[in-house]
Amino acid sequence: MAFQNATRNYSLDSLCDGVYAAFASDGGAAISNAGMVDLGDSTLIIDTFLTPSAAEELRADAQRLTGHIPGHVVNTHYHNDHIWGNQVFTPEADLISTIKTRVLIQTAGKEEYDDYRAITSDRLKDLLSQKAAAQTEAQRAALDLMIGYFAGLERDFPRLRVTLPNLVFENRMGLYGSRRRAELIAFSGAHTSSDTVVFLPYDGIVFMSDLLFVGFHPYLGDGSPDRWLEALNSILDGTAGIENAERFVPGHGPTGTVTDLQQLVDYIRDCQHIAQTLYKEGKTSQADVASTPIPAAYAKWTMPRFFYANLHFLLEKYQNMVNKSLPVKPNTASNSFRP
Ligand SMILES: [Zn+2]
């Protein structure tokens, strides 16, 4: 059952009694998906969006739908579109993450905050003038996600404070409520150095965050594609301890199934294969990558520019494997959106 939230930041979907997914709307200031789970005696929030404004709506919806002010919040990884709404859930909620994610919020995340504060006004002006000059509705629609991102930041930066988790774990953590249990399961080095998924064993639902993108090009450049494949395969074959799951809520895009996990496995392998072929043929220039067609299976996915970013990242990896003297570019925030 889907029902539209009153604002333009996200739409809510009830996955089963007491479990809701919030899907970010293009042009809004949520940017990533989030979840809310009625544990019975407490309400769990999974990720807090890009902005405090969007997070305030999530908090209010959670209270309205579950009858509780959220008492637990999970930060699945350190990327800003999943954690910059943290501040609205304190002091009532424990903010939970892996130890590594907390360190990343404090280090790379702090740099990201400073970088984005410096560029947001100019990026927003630039995007708005691009939209004004756009010739087609499709071009305007493609700019909406980015405009929502920077307009949301511009509005919220005066009060936005990066708020750190106060409760950390290493590999797994169970949250036992009076109504249901949530399993937090961490993976290393896949989408980022540390990514957490939330498994609801009684409901067959997994909140995958950015270990899954559905109908949306994933961003490979801040982790390890090989480790990401291992993580997805361990979920698919049951070795990660996730069994009988049927619905998988991604970090970006609509709810998926095991078919979508398998398709992401195929996508990562296809990107690796394409980049290896380009590398072997010496086609490593910007123009070579830009003229590479997106495989038909992914041609309609949102954010095609991530496909090209992924190829550049993989090519750079292969070059560094051969020539160790080449420095590996640090993964600091770019002047653009990175999910
Ligand atoms: Zn991410």
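Reader: Is Phe49 buried or exposed?

Author: Phe49 is buried, at 0% relative accessibility. Buried means under 20% relative accessible area, exposed over 50% and partly exposed in between, with a 1.4 Å probe and protein chains only.

Reader: What should I know about the model itself?

Author: This is a predicted model, where local features need pLDDT of at least 70, side-chain atom pairs count only at pLDDT 80 or more, and totals for chains, interfaces and linings use all residues. Residues are numbered from 1 along each chain as its sequence is written, and side-chain values use heavy atoms, with hydrogens and water left out.

Reader: Back to Phe49. Where does it lie?

Author: Phe49 is in the loop between strand S5 (43-46) and helix H1 (52-66). Helices (H or I, at least four residues) and strands (E, at least two) are DSSP runs, numbered from the N terminus. Phi of Phe49 is positive, near 70 degrees, and the residue is not a glycine.

Reader: What about phi of Ile31?

Author: Ile31 has a positive phi of about 75 degrees and is not a glycine. Ile31 sits in the loop between strand S3 (19-24) and strand S4 (34-38), and is buried with a relative accessible area of 8%.

Reader: Which residues does the cis peptide bond join?

Author: Thr90 and Pro91, with omega at about 5 degrees. Pro91 is in the loop between H2 and strand S7 (94-98).

Reader: Now the metal. Which residues are the protein donors of the zinc ion?

Author: His77 (NE2), His79 (ND1), His191 (NE2) and Asp210 (OD), lying 2.1 to 2.2 Å from the zinc ion. Donors are N, O and S atoms within 2.8 Å of the metal (3.2 Å for Na, K and Ca); water is not among the atoms, so sites may look incomplete.

Reader: How are those donor residues spaced in sequence?

Author: The spacing is H-x1-H-x111-H-x18-D. His77, in the loop between strand S6 (72-74) and helix H2 (80-83), and Asp210, in strand S12 (residues 205-213), are 133 residues apart, so the pair links distant parts of the chain.

Reader: Are His77 and Asp210 buried or exposed?

Author: His77 is buried at 0% relative accessibility. Asp210 is buried too, with a relative accessible area of 1%.

Reader: Last topic, H9. What do its buried residues pack against?

Author: The buried residues of H9 pack against helix H6 (225-236), helix H7 (258-280) and helix H8 (286-290), where contact means heavy atoms within 4.5 Å. Among them are Phe306, Phe307 and Tyr318.
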